[in-house]
Each structure stands twice: as C-alpha cells, then as structure tokens.
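Hi everyone, thanks for making time this morning. I'd like to talk about cores and domains today, so let me put the structure up.

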Amino acid sequence: MSIPEPFRLASFVVGIMAFVGLNAAYLVWVERKGAGRFQRRPGPTEVGYAGLLQPIADAVKLMTKQVIVPPGADATLFRLAPVLIMTPAMMCFTVLPFGETLTATDINLGLLMIFALGSINVMAIMLGGWSSRNKYAIISSARVVSQNVAYEIPMLLTVVTMLMVTGSANLNQIVQQQAGAFWNWNLFNLAANPLMPVTFVIFFICMLAETNRAPFDMAEAESELVAGAFTEYAGMGFGVFFMAEYANIVVGCSLATVLFFGGWQSPIGVLPGVWWFLLKLYLLIFTVVWIRWTFPRTQFYGLLNLSWKILIPVSLATVVSTAAVMKVF
Amino acid sequence: MLHKEQITNHSTDGHNETFVLNLGPQHPATHGVLRVKMTMDGEYITRAEPVCGYIHRMHEKMGENRTWAQFLPNTSRIDYLSAMHYTHAFVGAVERAARIEVPPRAEFVRVITSELNRISSHLVWFGAYLLDLGGFTPLLYAFDDRERILDLLEGLTGARLTYCYYRFGGLCNDVDEDFINGTRDFVHYMRPRLKMYRALVTDNIIFRKRLENIGIIDAEMCRKYGATGPVIRGAGTPYDVRRLEPYSVYDAFDFDIPHYPEGDCMARYLVRMEEIEQSLRILEQAVAKLPDGPHIGKVPRMIKPPAGDYTYAVEAARGRMMVRIVSDGKEIPYRVKLRTPSFANLSLFEEASRGMLLTDALALMGSLDLVIPDIDR
Amino acid sequence: MKKNALKEIVTGFASLLTGMRITLAQFFKPPVTVNYPRQSLKMPARYRGHITFVRDQETGKSLCIACKSCQKACPSDCIVVEGVKREGEKRKSVTDFKLDFTKCSLCGSCVEVCPVDALEFSKHYNLASTNKEKFVVIDLVKDLEKRGK
C-alpha cells in the first residue's frame, strides 16, 4: 500500500484517538452490564436499547459540570494532571501491532517505549493528588505511588523474561514469531521458559495493580473515608481520569495479547488478522471486569506484601529458570 | 501486623501531630448514622470515640404514653433487621407479667419466624460487610436469598420488614400450608447456597487476609463491656440466651452454639455463618414438629398486667436483647426499658480499635454487626 | 517455613480461581430482578396496603358502625371517625372516616379490633404522588363510593 507517509500517520492518529475514545466510553458500558450480569440483574437498560446510549449520557453529564479549580491549588499542575495521564496511554497505542500491516510506527524498542510511558502514569496521579491541596488526596496519591512503584518491578522482571524468550523488543516481530496454531503462542512455549503460565499470571496481576483496578483499587475506591486522589476533580477533569484508566487497561491487555497470546495470529493457523487481536483483547478485558466484581479489596499493606514478598521472588525465579534453560538447551 | 506498643512510642516523642478525622454520620457503608471521631496519627488510630444519638427516636418514652398493645409497632422498628425478636421480647415480658398462656402452636410459629428473621438479618450483615471490604457481588447474592425469606414472611404477615406479627397470647393470624411448604423449600434451597458462600468468600485468600488476626477481642473485654451475641461467641464463650435462659420452646430443639476461640474478625464471621446453618436445623425440626391448635390464647380485651417489675430476654440476631417493663396495674406502662445488644457491642470499639490501622478498624466495626437504630432506640 | 509459604500461595491462588468460577456460573443465569415499574409483582393475599372499607354484600355500603374502637386502638392517632344514627336503623352508620396515611404504621390494630370487621388491608403498593396532601387525608367513605362505580 503506497499511501504517502503523512496521510498514513494522520489516519493512524485519528484512528487511535477514535479507538481510545470509543473504548473508554463503551468499556464503561461493558463494565456496568457485566457487573449487572454477575450480580443477576440487568444493568443499565433505560437509555437506548440495552443501555447502549448510557456512556453518551454520562459523557454529556460530565461535560456539563463545572470544572472547579480549588482555591489554593496549584492551577497549572491541577490542569496538567489529566493531560499527563491521558497522553502516554494514547501514545502507547502507536507501537501496538493491531494487524499485519496495522502498526502506526514499527520501532525496534516498542516494548521499552510502552513501559517508559507507563511510568509517567504514576507521576500524573501523584501530581493530581498533590496539586489538589487536599489532605486526603495527598495521602491517597502517596499510597498509589508506592503501590505502582512496587508493582512495576515484577512486571519488568516478567518482561525481561519475555525478552529473553523472544530475543526482540519489536512488538511486530514478537507477534510474527508466534505464527502457526495456538500451541505456538508464547503462553505455551514451555520449552523456552518452563514457568511461562506463572509469568503470564504475574504479568496480569501487575497489570491490574498498575491500572489501579480491583482488587488493588485503593486509589479510587477509598470508600472508607477518603475519596481518593481525584477528590477535587469535577466534571470533565474526572472524566479524563476515568477514560485514562480504561485506556490503560486496553494498553495492558493489548500488551498481554501481543506478548503471550500471539497478537493478531489466529489460533487455527489460517486467516490471521486484526479481528483475532480484538477478540483476544476483549476476552482479556472481560477477565479484568470479572476479577473486579468477584473479589474484595486487599488492604494496603497486603498489596505491598504481595508485591515485595511474593511476586518479586517468583518473577526472579522465572528469570533464572528461563536463563538456565536457555543456557543448557 | 504492627502492634499497639508502636503507636504509644510514637506519641511520646511529641513530634507527631495527631489530627481528628470524622467518620461522619453519613457512611458509605451501611452502618447507619453513627459518627466516630477518630484521633489519628498518620494511618493509625489513637482514639476512636463513637458519637451516637443521631437517630434517637425515643422509643422508651413512647412506651410510657401508649397502651401495651399500642407499643407493638414500635418493637418492630427498634432494630428493623431482626424485628421479630424484639417483638418477641416485649410480648414475652407482658405475657410473663399478666400470666397469659401461649398455645404451643403459636410458640412453634414464633420460633420459626424468629429463626427466619435471624437468617435474613445475618444475610444483610454478610452482604454489607463484604460491601465494606470492597466485594460488591456477594451482597446481591445474599439479598437474593433474603428475598425468599421476605416473600415467605410477606405471605404470612403482610409486611416485609416491620412485621408486628406477635400479639399477647400468640399470633395475629395463623400460618397456612403455603408458609410451611415454603419454609421447607427454603431450607433445601439455602444449604447449597451456604456452600457457595463458603467457596466464594470464606475460603478466598484476599478475604482471609483481611480478617484473620484483625481486631482481636478477648472474652475478658466482652465481659467488661457486656458485649453479647456473635461478639462473645467469637471470643470463645458459648453464651447464648436460648441455652442459658431458655424461653419459648427452644429447649425442644437440638442445635449447637457455634463458638470460636480466636476472637478475631474471622471468628465472628464464622460464628454468624454457622448460626445460619444452625437456624436452618431449628427450622427443619420446628416445621416437622409443628402441633395443631389455636394460634392465640385467651386474652382480655385491654391488658392490664399486675403491678411489678418484669424482664424477658431473647437472643436477637445481634446479641442479648432484654425488655424490662415496670407496670403499675394500669393500661399504660410505667416504664419500658430496652436493653439492646448493639449499644454494648459498640462500647468496646473504642478500646479494641486503639492502635489499629484505619482499614482494619473498619473491618472490626463491620464485624461487630452494629445497627445504629438499635444503639439509639 | 518455605514449604508452608509456597503451599499458601498455591491454595490461595486456587481459592481465587474457585471464586471466579462461581461468579462466572452466575453470569450465565437469568436475572432475578423485576424491572419495576415496567413490570409489577402480584401482592400476596395478606399484604398490608392502606386500610379500606369492606363492602357489605347486601346493602353495598360500609359495615362500619362508627364505634371509634379503631380510633382508640390506633397507636399513631391517624384515624378520625364520625357517624350518625339514622332513622330506622339499629346502629350508627359512618359519615366520615379519615385516615392520615403519613402517620400510619400498618400495625393492623384497627383491622383486628373492629367488632364488625369493617376494615381490611388494600393491596395498593405502588402509591406515588407529587403532593403530600393526597396521603394526609385518605377518605375511606369516598374511596368506597369510587370503588362501587
């Protein structure tokens, strides 16, 4: 396809923004309907058929609310925090291989770039909480920072394992290595890493903790007394944080699909394409929603104990076992 | 887990400032309107002072300017989640005073409805407690089960929450076949559901980590504050009014008193789940042994108990509920005193929560099963 | 010590998977809720809605003899009854029966104490109005006439 480069990039930019926007809006619908079905009730049904217009109604409500900057808050940082949280999430989409030729930029360090951008997410929440000048927001954002920092380490260790297995940080190449039927996917690649399912589980748990989803949602569901790092945000400011959470979930699940489930490869070996990618992506997102509505929240120190005392030793064990297998065989 | 000694060390060096945090009358969790003034040192509580009275409705005063029969609707509303028990206590006290005979069929039906009410109250507690801890789904499963109980009781009495079903000398109307069959079906339905809750919640590692070794209340503290019900049974003492001061026909039934020695939140949780199982046992036996007969005894039109001081205690869902009536021979009581379990259970919160983290203190408060209208009456 | 920790991790993780299996099983079951107000439930026979008059089958009027037993028995003072003894009748008949439904606790004392069983519970459960006045005075005499038509 010989589309001139500027047009290709422009169409990708528009496409990514549309994809992120649509996902952020309709993942809310998926979540609410899913929550309803898990709880044996219908979920939203009033607005539009089966509640499909509910996210639009929510968006209109959020946009019509007044965006108040609390007095005494640092106005620049307060307004900057939602921007800072949304932009990296969107930028991560440029390196994700949606299909064989559907990658915005095919760079050799795609994997590294996603993790670099993911770390900015933490700083944005910290800024949001700190610039609100609200006692509870500061406490909550401090908790979120320590949670995210703690969970980045096992996540990076699992990614190191995957790098050793795949030998490349280029996401498109990683997907192409998993061609063939589903037993070629990295998840079942026990020859290279005998602890591969464990690696996937650790990656998934860390992804849940990084995006502040239940059961690790101390930041947003502080229903005990503190309203969380986003207390002072009203209207669309809060809406952007909300959208960014779902965008982060999509990035995390896309990365899991690419690394472990073969990306756009089909499970039966024929007809690969973007549809397989989307199917696997949405199955993983359904699992994220499923986990949220099943389990209670962990305590704050339980979260940190899990990371430092359990996940890091286990992920180190997977790195060592992969290295041992690679050296010996 | 960090210990209380560390918190006292912090406060002696004088550099840490404590701040007062108000767990305001409006709770995100379904406790009710209770205000807890917490003096916190960072994340730790140095002092938690409960302030109650936001829903004081003066039931005891209302007892002094209504006739005995006119007080019956009030009894359902003191603790609306286990309303049958409270009506039972008041009705039992007046029957004890006026020496009214209750026919055996009425006694058995009272036991059946009380135990159904106990199960429904424990289901509400279960759902609300898990909501506190962040698991939203088991609440709805518990409420689904509770709907069946409420439908049964609605078919029998006409009301879902504030039944006002017992009268002096028996019941206001008789049970029908639908209710008996429905209760039997409910017992068969509920047993597998309890297994499901065990697998979904009790065995869940996240839930266990939230509750094990948190909020230890030993039997000595319970005795000091007069805490009864699952609080003291979770501390190892098998104190149950149905065994120690048998009332109604409870001594005709074969049931165990669940108690666990650890005294932590998990022990209290397990006590309540086991109590649901034991209530199902009582229901089975009661439905099987239900005698025929009248549903109300001979009662004068206007009750005037002889002058004196009478008490009657029942095992409500939350603990020991006692009604003390003082009569001076008139048709209006001289005094109606309600000893409610939640008030005593709340009073040990201040001592038990010293030095705890806030999340753990809230887990402790949830495990005490407080219903604030019960505290404030 | 290490073995215990590993065993705890494994059993803990297994308990999480069990929990997830249970909620997934519930996902595929039908909803248990009723989409009120688009659907309604049928009320059981003994349901306690606000009280209404029982219609006398022969005369078509109310059985009430305005003895005021219900007014005395009510704990919340919500009933006001007035009656007159008409010519040629043995007992009084009711002219005015006003119920203050905002105070009624649906205890059933009035229904039970009535010597002629003139009162019963209606089955109205989805009463709603934008005006409190509609419930402060529920006129049972008028309600009986309206039901007759």
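When I say "domain" here, I mean a stretch whose bounds come from an automatic or database domain assignment. Please keep in mind that this is a predicted model. On that basis, chain B splits into domain 1, residues 4-50, and domain 2, residues 59-376.

How far apart are the C-alpha centres of these two domains of chain B? They lie 31 Å apart. The contact between them draws 16 residues from domain 1 of chain B and 18 residues from domain 2 of chain B. Looking at the domain 1 side, the elements giving two or more residues are α1 (4-12) and β3 (44-51) of chain B. Of these, β3(B) supplies the largest share, seven residues. By class, that side of domain 1 has eight nonpolar, four polar and four charged residues.

Now, on to the cores. The largest nonpolar core has 196 residues, and the members touching the most others are C206(A), A247(A), A256(A), A89(B), A361(B) and L364(B). Helix α8 of chain A, residues 236-260, gives this core its largest share, 16 residues. Back in chain B, domain 1 and domain 2 both contribute residues to the core, so it lies between them.

Let's zoom in on A247(A). Which residues does A247(A) contact, once we set aside its neighbours within four places in sequence? They are V20(A), A24(A), M86(A), A89(A) and M90(A).

Finally, there is a second, separate core of 23 residues, and its members include I51(C), A66(C), C70(C) and C74(C).

That's my tour, and I'm happy to take questions.

Notes. Residues numbered from 1 in each chain as written. Chains lettered and ligands numbered in written order. Predicted model: local features only at pLDDT ≥ 70, side-chain atom pairs only at ≥ 80, totals over all residues. Core = buried A, V, L, I, M, F, W, Y, C linked by C-beta atoms within 7 Å. Buried ≥ 20, exposed ≤ 12 C-beta atoms within 10 Å, placed from the backbone. Helix = DSSP H or I, 4+ residues; strand = E, 2+ residues; numbered from the N terminus. Contact = placed C-beta atoms within 7 Å. Nonpolar A, V, L, I, M, F, W, Y, C, P; charged D, E, K, R; others polar.
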